[in-house]
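Here are some exercises to work through with the structure open beside you. Try each task on your own before you read its solution.

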Amino acid sequence: MTNDPLRLAVIVGSIRDGRLGPTVAAWFAGQAASRPDLDVDVIDLADVPIGAAAPSMSAPEPVLKALGELTPRLAAADAFVVVTPEYNHSYPAALKNAIDWHNQQFHAKPVAFVSYGGISGGLRAVEHLRAVFAELHAVTTRDTVSFHGAWECFDGNGQPKDPAGPAAAAKTLLDQVSWWARVLRDAKAATPYTA
């Protein structure tokens, strides 16, 4: 068993112009960074130009270069928090493509979700993502942070207008994902996970 800080990768899943994802992710990363047991790495998929290139060994050089920077960051993570909007009752294509390029990087690691959107707060996207991550041998946490009517939830400084509820939800999520990350990290050290 080790008490080293857990490496938490916070993945910003939207790459659209005018997106709210960076605001939501920055707020959440601030919540996570306040904990001494976490080392936070924010991965913004808008900075990973893999586009719509399908996973293959013959990918264009810019895609391979981008993956060469992304893949080690995912591999180094002990846990993930995916920040996702809901597009047409599901999650963004760029997020799916980034996930599809990777597999072993998610094995036996926990994944939690921060979602945002209209009336559903992005929760339909989260439900779709749970099935995807199960296929990658990841463990998803039950509790989420969800912003309903998200564009009205944040002030001009990128902070929730009503901070108590989101902060409490973030604490619950971080407690769960940290517990799973520590347990799974220790288990893999004792017995390597094979898929």
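A residue is called buried under 20% relative accessible area, exposed over 50%, and partly exposed in between, using a 1.4 Å probe and protein chains only. The model is predicted, so local features need pLDDT of at least 70 and side-chain atom pairs count only at pLDDT 80 or more, while totals for chains, interfaces and linings use all residues. Residues are numbered from 1 along each chain as its sequence is written, and side-chain values use heavy atoms, with hydrogens and water left out.

**Exercise 1.** Decide whether Phe-147 and Phe-154 are buried or exposed, then describe their ring pair.

*Solution.* Start with accessibility.
- Phe-147 has 3% relative accessibility, so Phe-147 counts as buried.
- Phe-154, at 8% relative accessibility, counts as buried too.

Now the rings. Rings of Phe, Tyr and Trp (its six-membered ring) pair if their centres lie within 6.5 Å; planes under 30 degrees apart are stacked, over 60 edge-to-face, and the rest tilted. In the structure there are 7 aromatic pairs. One of them joins Phe-113 and Phe-133, a tilted pair with 6.1 Å from centre to centre and 50° between the planes. Phe-147 and Phe-154 also make a tilted pair, at 4.8 Å centre to centre with 50° between the planes. Finally, Trp-27, Phe-28, Phe-147 and Phe-154 form one aromatic cluster.

**Exercise 2.** Describe how helices α1 and α5 pack.

*Solution.* Helices here are DSSP runs (H or I, at least four residues), and strands are E runs of at least two, numbered from the N terminus.
- Step one: α1 spans residues 21-33 and α5 spans residues 164-190; they pack at about 60°, with axes 10 Å apart.
- Step two: the two helices are therefore oblique to each other. Under 35 degrees is roughly parallel, over 145 roughly antiparallel, 65 to 115 roughly perpendicular, and the rest oblique.
- Step three: the contact (heavy atoms within 4.5 Å) involves Trp-27, Phe-28, Gln-31 and Ala-32 of α1, and Pro-166, Ala-167, Ala-170, Leu-173 and Leu-174 of α5.

**Exercise 3.** Which residues does Arg-35 touch, not counting residues up to four places away in sequence?

*Solution.* First locate Arg-35: this residue lies in the loop between α1 and β2 (38-44). Arg-35 is buried, with a relative accessible area of 18%. Its contacts are Lys-171, Leu-174, Asp-175 and Ser-178.

**Exercise 4.** Where is Val-126 found, and what does Val-126 contact beyond its neighbours within four places in sequence?

*Solution.* Val-126 is in helix α4 (residues 123-135) and is buried, at 0% relative accessible area. The residues in contact with Val-126 are Thr-84, Phe-113, Ser-115 and Thr-144.

Note on methods
Axes fitted to C-alpha atoms, helices over the stretch in contact; angles between N-to-C directions.
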